[in-house]
Amino acid sequence: MSNKAAAAGKESGQRAVYLPLIAGWLVPGAGHFLLRKWWRGAFLFVAIVCMFALGMAMGGKLYTGAENILDMLGLAGDVGNGLMFFVTHFLGIGAQHVRVTTADYGTKFMVVAGLLNVMAAVDAHNLRTGRKH
Amino acid sequence: MFQPSHFTAVLLFALFASTVFGITMRETPRRMFRYGAYCFALFVGSVIVFSWVMYFISP
């Protein structure tokens with residue numbers, strides 16, 4: 001019985017290894033919050049959400065389709081924003097076309113925010129697995 | 001719509017990117033801060049240098 005319980009606990013522990021990674025991708029900094037790294041999570045949340053929000057405020061384009069290779073790369077970056085991407089996509093908030101120079105900056109802000117969020121989520125995973133302290 | 005100048009956009013970009021770089025690439029708070037400041041200086045410094053280079057090579 002105790003062996004079964006230990007095996008079940010080990011299995012659930014292995015599954016939970018990916019929880020900070022997935023949580024960190026969905027909500028910036030959430031992976032660090034799960035690991036009780038409050039300050040790191042808070043700074044990551046503020047930096048990534050502000051970057052994405054400023055990109056939106058600048059009228060940045062939200063990539064929603066992959067018609068060519070550049071769109072595909074932009075979409076990959078935007079998807080890195082997790083829930084922020086899906087919410088703005090379904091609400092139709094992001095611009096469809098870039099009309100002014102600052103909107104081009106905004107597009108890059110949003111893509112880079114997604115890439116930074118992926119970095120933050122992988123960092124949370126490394127903290128969880130013990131590769132980083 | 002928020003329409004920052006080129007340089008303001010650079011400063012904002014450098015600030016946010018450096019924050020994430022510092023936290024994810026180093027382990028102690030002191031080293032995080034130092035690495036973040038280093039990245040920020042490199043971002044902004046390289047933009048200023050390349051801006052002047054483009055100014056001098058422009059026809």
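In this predicted model, the buried residues of helix H5 of chain A pack against helices H6 (83-91) and H7 of that chain. Helix H7 of chain A also packs with helix H1 of chain B, and a loop of chain A holds a residue, A:Arg36, with a positive phi.

**Helix H5 of chain A**
- Within H5, which covers residues 69-79 of chain A, the buried residues are A:Gly74, A:Gly77 and A:Asp78.
- These residues lie on the same side of H5(A), because they cover an arc of only 100 degrees around the axis.
- An α-helix has 3.6 residues a turn, so residues three or four places apart point the same way.

**Helix H7 of chain A with helix H1 of chain B**
- H7 (residues 101-129) of chain A and H1 (residues 6-25) of chain B pack at an angle of about 10 degrees, and their axes are 10 Å apart.
- H7(A) is therefore roughly parallel to H1(B), since angles under 35 degrees count as such.
- From H7(A), the residues A:Tyr105, A:Phe109, A:Val112, A:Leu116, A:Met119, A:Ala120 and A:Asp123 meet B:Ala9, B:Phe13, B:Ala17, B:Val20 and B:Thr24 of H1(B).
- Sorted by class, this contact has 10 nonpolar residues, one polar residue and one charged residue.

**The loop residue A:Arg36**
- A:Arg36 sits in the loop between helix H3 (30-34) and helix H4 (38-57) of chain A, and its phi is positive, at about 60 degrees, although the residue is not a glycine.
- Most residues other than glycine have a negative phi.
- A:Arg36 counts as exposed because 9 other C-beta atoms lie within 10 Å, where the cut-off for exposed is 12 or fewer.

Terms used. Residues are numbered from 1 along each chain as its sequence is written. Chains are lettered from A and ligands numbered from 1 in the order in which they are written. This is a predicted model: local features need pLDDT of at least 70, side-chain atom pairs count only at pLDDT 80 or more; totals for chains, interfaces and linings use all residues. Axes are lines fitted to C-alpha atoms, for helices over the stretch in contact, and angles run from 0 to 180 degrees between N-to-C directions. Helices (H or I, at least four residues) and strands (E, at least two) are DSSP runs, numbered from the N terminus. Angles under 35 degrees count as roughly parallel, over 145 as roughly antiparallel, 65 to 115 as roughly perpendicular and the rest as oblique. Two residues are in contact if their C-beta atoms, placed from the backbone, lie within 7 Å. Ala, Val, Leu, Ile, Met, Phe, Trp, Tyr, Cys and Pro count as nonpolar, Asp, Glu, Lys and Arg as charged, and the others, Gly among them, as polar. A residue is buried if 20 or more other C-beta atoms lie within 10 Å of its own, exposed if 12 or fewer, and partly exposed in between; C-beta atoms are placed from the backbone. The arc is that of the directions from the helix axis to the C-beta atoms.
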